[in-house]
Amino acid sequence: MLRIDDLVVRYGSAVAVDGVSFEVGAGEMVALVGPNGAGKSTLINAISGLVPPHSGTVACEGRIAQVPEGRQMFADMSVEDNLLLGGWSIRNRDLGEVYDLLPDLAGMRKRKAGRLSGGQQQMVAVGRALMARPDLLAIDELSLGLAPLVVAELAEHLRFLNRERGTAVLLVEQEVTLAFDVCPRALVLEAGRIIAAGPSVELAQSETVRKAYFGDLAVAEMMTGPTAQATTEVST
Ligand SMILES: Nc1ncnc2c1ncn2[C@@H]1O[C@H](COP(=O)(O)OP(=O)(O)OP(=O)(O)O)[C@@H](O)[C@H]1O
């Protein structure tokens, strides 16, 4: 449903995304990981149309909605008003589906968004994106600044959305373990290029990926146990 071909994004003369190509199928959950400055946010912003590409194409069969880095709540507005802003582009004022999918939001709908916890705000940010009735949810850093238990709960909500509504997810995430756990397939970006791609369980086993990008994180053991086979394709 999403197809990226040879995408290049520049900031002046600096190349932030350097010839990236990949696809996300309908209802698929794909993680985009990589070190700081790799170009993850730039790539997701280009996919959402927030930054213009220098060259290449972004083709999407359905609607994309983004959950931005840092959540970007309208702090003085209520949760409900923040949600309604998410439906603005398609004139959707029906909050029912979002409250069905994320029932906690209904309970806090009159509260000011700025007074909520980080985890609650992230849930509002996801709900706000869902108001656009997206076929693909592009999430920039779900776990940013949140406690592990809160992140685990949000991840469960994502899996539920994907299962119940078939929403595809492109998850940009610093927390590699989380990203690999939530998304069956992953892309590893470095210096604007995809340097590895494949099933998350296999990427987690890749020595190259682990050593170069995730230090000593025992991602593989956490996900699959130490005996799983490494079959990932890694290009340099
Ligand atoms: N608005 C901008 N103007 C100029 N350069 C930028 C801008 N935004 C990002 N960059 C640069 O583009 C490169 C990619 O940045 P980007 O934020 O996309 O990476 P990232 O992988 O999301 O990093 P992080 O995980 O730290 O958010 C970096 O070198 C960054 O300094």
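**Note on salt bridges and the sheet**

1. Glutamate 28 has a relative accessibility of 22% and so counts as partly exposed, a class that lies between buried (under 20% relative accessible area) and exposed (over 50%), with a 1.4 Å probe and protein chains only. Its side chain meets that of arginine 185 in a salt bridge, 2.7 Å from N to O, the term meaning a side-chain nitrogen of Lys or Arg within 4 Å of a carboxyl oxygen of Asp or Glu. The two residues are 157 apart, glutamate 28 in the loop between β2 and β3 (29–33) and arginine 185 in strand β8 (residues 185–190), where strands are DSSP runs of E of at least two residues, numbered from the N terminus.

2. This is a predicted model, in which local features need pLDDT of at least 70 and side-chain atom pairs count only at pLDDT 80 or more, while totals for chains, interfaces and linings use all residues. Residues are numbered from 1 along each chain as its sequence is written, and side-chain values use heavy atoms, with hydrogens and water left out.

3. By the salt-bridge rule the count comes to ten. Among them, glutamate 23 and arginine 3 meet at 3.3 Å, N to O; because glutamate 23 lies in strand β2 and arginine 3 in strand β1, the pair ties together parts that are 20 residues apart in sequence.

4. Strands β2, β1 and β4 form an open sheet in the order β2-β1-β4, with antiparallel pairing, two strands being paired if DSSP finds at least two bridges between them. The edge strands, β2 (14–24) and β4 (55–60), each pair on one side only.

Technical notes: Helix = DSSP H or I, 4+ residues; strand = E, 2+ residues; numbered from the N terminus.
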